Amino acid sequence: MKRAIKLITLAASALVSFSAMAQEGKPWIHDPSTIMECDGKYYTFGTGGGGLISEDGWNWNPGAVRPGGGAAPDAIKIGDRYLVAYSATGGGLGGGHAGRVLTMWNKTLDPNSPDFKYTEAIEVAHSEMDEDCDAIDAGLFMDPTTGRLYCTYGTYFGFIRMVELDPRTGAKVEGTVDPNIAIDCEATTMIYRDGWYYLLGTHGTCCDGVNSTYNIVVGRSRNVTGPFVDNMGRDMIAGGGKMVIDGDDRQFGAGHFGRYIEDEGIEKMSFHWEADLDRSARSVLAIRPILWVNGWPVGGEAFKAGTYEISSVRRGYALELAVDFVRQNIERRGGWRMDPNEPIVVHPNQKLEDVIGTWPEGEIPARIGDWMNRPHQRWTLTVVPEAGGYVGGQYYKIQIEGTDKTLAATEDLDVTVAPAYDGSDAQLWRIEQAVDGTYRIMPKSTPGYVLTSVADSTPSLAKWDFNSDNCKWNFIAK
Amino acid sequence: MKHLFRTLVLVAALAAAASFTADAKKKKTDLIEKYPALAPYFSTPAEAAVQPDELGFIRRWVLLEPISKPNRTNTVFVDSYIRENLDNGWNKGDFKVPADGDKVTMQVEYQKPVDMTAGRPMWGVEPETEMKKVKLTWHALDSKLFNVKLYRYAVGTETGRYGAIFRAVTVIDVPEDIENVRLAVGSNSASMWWIDGEEALILSGDRRMVMDDGASKRLTLKKGRHVITGAVINGPGMSDFCVRFIDENGNPVHNYNIVK
């Protein structure tokens, strides 16, 4: 019986871990296009046609509609329309490498909308049977500095090329020649940040399930057409590329990057795992934070439930209950009065039962103070699966370890610690890693307002401001 | 005629004497002249109202001479201690804003002088204390610094050094409602602050003076006059505080006057 309980506990903890780290629903997809938001829902298209829809960015299910079949689509919103690119190919081992990249428009991505109607697809690039290019795997990019639209395409079979498109029609700009910008990548796409153009591509073995070595790399250039050079100075046309994300512990084969900018300083990337061991080794949609480290994009970690110090970036103090500090009764051992030969004693940390009796009943204010690893400073974050999620994450309750005392937002845009969890939106927190590796902590009840240090020792809620350390926190696992 | 002359001389003499007495009284109440050690830190307030300084700090305060409260360490200043010792109703009910020179009589805990002839007392040996009736004076001062140096105030006025509770009062005139501001305080050591008698914030523990260490909840400073009161407690070491209002973005609030 004891063993059975242990097994159930293990299974439950595995389930919590699983649900905290991967998109829920039926997120089965290969080569997911960049996530698009349309009328409050999220969409991504995949190889073979169709795609996924999500109401909240966390639970994904089949339902998106993309005609044309073919491989590796991408999407971009221009004005009030969506341009979708995909490729028709007979390529691969069984055939040649003749490919066609096509684009088409739609006013909406919602297949139930009366406005849902794709325009006729038009070819914008192609490759011949045995050319040093495989015209598939389209990646759409609008240069924010010029408003010019580009599409990169190509695979491991030769060069990656880019074609300039007319952003009004989605057609190739007449008279332009598609330059070669990289070699031996798949699923390329471009992004722009701080004066740099980044070309991301997937290297490694595709489509081999759990043995796929797919990984996403990047090079950068000051010019939209390259040369795109990695951190070692290697041109991507010579195979260069700095790692953005590769395999994880239980998921392998990261491929087909798409950037999703949620807010200033909050960026996420969509891609697929070729195989998720927790999900029948299927190819699944993945969403991770994008970090920017020394001017390079790096894949962030999925946030994990656990017990943490929540440390303010403003001062480095720790979020805590505003209760009397209880001293530990361990004799002070000043070095000048200590017998150097006396045996060493290992003392325990202060325990919850040592102090909880001194805490008031009911609501207790939250405060920020010197980290001392005391019970009033240790916060356990637990996923609340029934609360839904957001792009790339689920909601958490944040409680003092071993208690039901729960961090809560208040109606007047402040924070407090409620005596018990009540399941309200004010007690559900969204944990998102910012591009600098810190975290923002936002209650479900007041989107846009985040946990903030309004003074070194005073937490409250304020509008998210990526440029202020007041809004940022670090989670230090305990 | 002779009588008239004598009368005029007498009136002149009385006027001169009155003037001399007023000057003497004024001189007597000029704390800075009496205690030159205060001069680097404080000045005598002018009659005209002033505004907060460039960073929004309030430099004009009426300070009570230190209330003796011996503590060998600042680590005892937990929240409940602060409430018990600083929030005893002194600034509520029929509290009147003290004027310069006002006096208050109270019983205080007083530490007897430590006998050092046999060397420094052993650590952990608590010095003896006794209750003592004292008369303390309020002094109106402008701080020359953004932070009000309580230690220098106590030492400079020869009224204390360590182990004390300081009380501070200031009055502000707000010309129009100012919404969504916070009272932001730093203090050495722990402190408690009120606006119009309502608790604004507590800074507990062994505090260092850090600008914007703690802040009140959002509040609206309504048009009109408001009284800000604070109490700072310190065991050994330096003692000071700094107070300002900050807006939603943490920027200083300036648009109000601090009256004498």
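Strand 12 of chain A pairs with strand 13 (residues 180-183) of chain A in the antiparallel sense, over three bridges. Strands here are DSSP runs of E with at least two residues, and helices are runs of H or I with at least four residues, both numbered from the N terminus; two strands pair if DSSP finds at least two bridges between them. Within this pairing, A:Arg161 stands opposite A:Asn180 in strand 13 of chain A.

The model is predicted, so local features need pLDDT of at least 70 and side-chain atom pairs count only at pLDDT 80 or more, while totals for chains, interfaces and linings use all residues. Residues are numbered from 1 along each chain as its sequence is written, and chains are lettered from A and ligands numbered from 1 in the order in which they are written.

Strand 12 of chain A also pairs with strand 11 (residues 149-153) of chain A, again in the antiparallel sense, over five bridges. Here A:Thr152 stands opposite A:Met162 in strand 12 of chain A. The hairpin of strand 11 and strand 12 of chain A has five residues between the strands, and A:Gly154 takes a positive phi near 130° in it.

Why is strand 12 (residues 159-165) of chain A largely enclosed by the rest of the structure? Seven of its seven residues are buried, so the strand is largely enclosed. A residue is buried if 20 or more other C-beta atoms, placed from the backbone, lie within 10 Å of its own, exposed if 12 or fewer do, and partly exposed in between. A:Phe159, A:Arg161, A:Val163 and A:Leu165 point one way from the strand, A:Ile160, A:Met162 and A:Glu164 point the other way, and all are buried.

Chain B has four helices and 15 strands. Of its 260 residues, 37% count as buried. Two residues are in contact if their C-beta atoms, placed from the backbone, lie within 7 Å. Among contacts in chain B between residues at least 6 apart in sequence, 81% join residues at least 24 apart.

The mean pLDDT (the predictor's confidence in each residue, from 0 to 100) of chain B is 89, and 86% of its residues reach 70 or more. Over residues 8-27 of chain B, pLDDT stays under 50, and the model has one contact beyond four places in sequence for them.

The contact between the chains takes twelve residues from chain A and 15 residues from chain B. On the side of chain A that touches chain B, strand 32 (449-455) and strand 33 (458-463) of chain A are the elements that give two or more residues. For the complex, the predictor gives an ipTM of 0.85 and a pTM of 0.90.
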